[in-house]
Amino acid sequence: MKLRKKCRVWKAAVLGVAASLLLSGCSFTGLDARSLMHPPRPTGEKADIYALLESKAGKNFTLKYPAAGDYRSAIIQHNLCGNSHAEAVALYQRGDDDTSVNILFTADEDGKWKDIGSFTNPGAQVDRICFGDLDGDGTDETIVGWGSSTGSASTISVYKYSKGRMNEIKLDQTYNEIALMDFDGDGKKELFTASIPTDSQQPITAGLFRMKDSALQLMGSIRLDTGISKFSGLAAGDVSKGQPGVVLDCVQTNSKTLSELIYWNKKKNTLCAPLYNAQSPLQNVTLRDMSVACSDINSDKILEFPIVTRLPGYTGTAADDVGNEVQWTRFDSASGNYATVSCMIINARDGYRVVLPDKWKDTITTKQDVSARKLTFYAFDSAKGTAGSPLLVVQIFSKSEWNSKKPEGFTEVLADGSLITAISCPTPKAALAIPAAQLKQCFQTAADGA
């Protein structure tokens, strides 16, 4: 009996903490938020919010959680009225037979939480919710992407506070990817969308919208490469020094990957996508078999995109990451030119990257032994078209194996949990040989710089 009582107390404590996190907008750690669709009743101020939600939704409501974005809670507190405290936003469905999603905005007025706007959307899912000042009045608007159960493009609603109430502005635009950022440097955020139409005859486009006079206006749009079947990722930030924009990673119908870089050109007053070539759409320089995403690879707060080239003489398949040189490339919006920031070999299977020393660029090839978890770098003889001297051997050892055997000639370069990444230099007198101590500085874990 004592054990059962302790279990009940422990369970109640866990659910109480989960409910508190849910209503604060915090994310869960070690808990599946969707397993708490109808959480236990909270106490204090949050109890008033919950009571208002229950009065609107009924006893059998289901909380709806955004599937993407920075905010994954069904009840989020955020300052929307420009006052000294946060309002609350709740996303829910009214019972088992209701296929639409509702959004409720509540505000604390004289110590009591009141409804300041309630809206219904026919979308069955919530793709994401985000906040940003679109009109420059110092108060954030709420942007909601409404998804569907089929996973097709989402619709957009913007909610703006005015005269004590939230007002809904629907955007006649669907999207597959979305970003909220100040693209033109005017101090107000703009809404970026990228859309893949269901009709394959229609162009794949990106658009940029701004709010003016309580309406969303299209600033500009641009076509993207043909053959894109889905977007696999979006990174927003500076795409050139002082130039905000986004980089989209895209998957084509042939399973190849490419990147699109998009920014607003203030001088030309237009949306630009310099990696897209309308005359020759298959010539996007980022087109690749290897799956690697854009990144700020050197942590300089400028996004780089990958240009992947095949290593000479490599005999594996086209998608083998170790058989490709990844050239991390930066765009210069002032000149329109590209510059290589870093070249590397990525071994995603074993979790490391090797930044290539300058004299190894375009002069080496690799050979992989998957079962032995070994990768060998060779000098490449371009005259003969064959691999020459082995310059570097990278080997994965278990920690116990490393500690017991102390493999001769190997130097530890990375340690990750129970695994050791070690290197040896079998031909130290070769023309392209580099000392192990110097090569050690070239190694990163696969997550570094991502």
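Student: Is F331 buried or exposed?
Tutor: F331 has a relative accessibility of 3%, so F331 counts as buried. Keep in mind that this is a predicted model.

Student: What cut-off makes a residue buried?
Tutor: Buried means under 20% relative accessible area, and the 3% of F331 falls within that class.

Student: Which ring does F331 pair with, and how far apart are the centres?
Tutor: F331 pairs with Y263, and the two ring centres are 5.7 Å apart. The planes meet at 45 degrees, so the pair counts as tilted.

Student: Where in the chain do these two sit?
Tutor: Y263 belongs to strand β16, residues 257–265, and F331 belongs to strand β19. They are 68 residues apart, and the pair links distant parts of the chain.

Student: And Y263, buried or exposed?
Tutor: Y263 counts as buried, because its relative accessibility is 6%.

Student: Which residues make up the cluster of rings?
Tutor: Ring pairs link Y263 and F331 with F305 and Y338 into a cluster.

Student: How many aromatic pairs does the whole structure have?
Tutor: The search of the whole structure finds 14.

Student: Back to β19. Which strand is joined to it by 7 bridges?
Tutor: That is β20, residues 337–347. β19 covers residues 324–332, and the two strands run antiparallel.

Student: What stands opposite R330?
Tutor: A339, in β20, stands opposite R330.

Student: What order do the strands take in the open sheet?
Tutor: The order is β18-β19-β20-β21-β27, which makes 5 strands with antiparallel pairing.

Student: Which strands stand at the edges?
Tutor: β18 (305–310) and β27 (443–445) do. Each has a single partner strand, so one side of each is left without a neighbour in the sheet.

Student: What is the average twist?
Tutor: From one strand to the next, the twist averages 35 degrees.

Student: What lines it, and which residues lie nearest its centre?
Tutor: The lining has 14 residues, and G69, D70, R128, C130 and L180 lie nearest the centre.

Student: Which elements give two or more residues to that lining?
Tutor: Those are β6 (125–132) and β10 (177–181). β6 gives the most, with 4 residues.

Student: How do the lining residues divide into nonpolar, polar and charged?
Tutor: The lining of this second largest pocket has 8 nonpolar, 2 polar and 4 charged residues.

Notes: Residues numbered from 1 in each chain as written. Predicted model: local features only at pLDDT ≥ 70, side-chain atom pairs only at ≥ 80, totals over all residues. Heavy atoms only, no water. Pairing = 2+ DSSP bridges. Axes fitted to C-alpha atoms, helices over the stretch in contact; angles between N-to-C directions. Phe/Tyr/Trp six-rings, centres within 6.5 Å; stacked < 30°, edge-to-face > 60°. Buried < 20%, exposed > 50% of the residue type's maximum accessible area, 1.4 Å probe, protein only. 1 Å grid on protein atoms, 1.4 Å probe; cavity = no way out; pocket = protein on both sides within 12 Å on 5 of 7 lines; lining within 4 Å. Nonpolar A, V, L, I, M, F, W, Y, C, P; charged D, E, K, R; others polar.
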